[in-house]
Amino acid sequence: MSLKRMIEYSMQGSSMNPNNSGVETIDDKQFYQLGSNLLQSIEVALEAADDALDLDLDVERQGGNVINIRFKDKSVIVVNTQPPLHEIWVAAKSGGYHYRWAGTMTKPLWLDTKTGKELLSDLSGFATTQAGKEIKISLI
């Protein structure tokens with residue numbers, strides 16, 4: 001599938017279409033800024049949770065756009081940005097998830113392309129399940 005077709009396909013679905021009212025279309029520079037802030041927020045939240053709860057997490061950034069989160073039980077969550085599609089992808093024990101931009105610059109929001117669930121809420125749940133203790137991840 002060509003990149004153009006992948007992008008067109010990724011824009012299908014009325015609830016995820018950036019042309020919906022209330023959703024700001026973002027360009028590559030804005031995606032980079034939003035993605036960078038998101039990944040930094042995830043790192044900060046996980047490091048704080050690790051310090052507070054002694055979770056023995058290993059949070060490692062790779063190549064600037066990938067975070068590997070290793071848990072005590074050796075399970076891993078991977079969070080990475082997908083610039084060509086303007087998506088955030090998450091791989092956890094429970095499966096793989098794609099989140100598409102559905103917010104504004106002042107109210108960032110990433111929603112799962114299949115379920116419509118919010119990224120940070122899902123990620124908090126995945127991390128809580130894999131750590132065995134409640135973890136809350138939010139934007140800084």
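Are Glu87 and Arg100 buried or exposed? I looked this up first, keeping in mind that the model is predicted. Both residues are buried. They form a salt bridge, with the closest N and O atoms 2.8 Å apart. Glu87 sits in strand β4 and Arg100 in strand β5, 13 residues apart, and the pair links distant parts of the chain.

Next entry: the total. I noted 4 salt bridges in the structure. I followed up Glu43 and Arg61, whose side chains meet in a salt bridge at 2.8 Å, N to O. Glu43 belongs to helix α2 (residues 28–53) and Arg61 to strand β1 (residues 58–62), so this pair ties together parts that are 18 residues apart in sequence. I then checked accessibility on each side. Glu43 has a relative accessible area of 16% and is buried, because the cut-off for buried is under 20%. Arg61, with a relative accessible area of 29%, is partly exposed.

Last entry: Lys93 and Asp73. Their side chains meet in a salt bridge at 3.4 Å, N to O. I placed Lys93 in the loop between β4 (87–92) and β5 (95–101), and Asp73 in the loop between β2 (66–70) and β3 (76–82), so the pair ties together parts that are 20 residues apart in sequence. Lys93 counts as exposed at 60% relative accessibility, whereas Asp73 counts as partly exposed at 43%.

Technical notes
Residues are numbered from 1 along each chain as its sequence is written. This is a predicted model: local features need pLDDT of at least 70, side-chain atom pairs count only at pLDDT 80 or more; totals for chains, interfaces and linings use all residues. Side-chain values use heavy atoms; hydrogens and water are left out. Helices (H or I, at least four residues) and strands (E, at least two) are DSSP runs, numbered from the N terminus. Buried means under 20% relative accessible area, exposed over 50%, partly exposed in between (1.4 Å probe, protein chains only).
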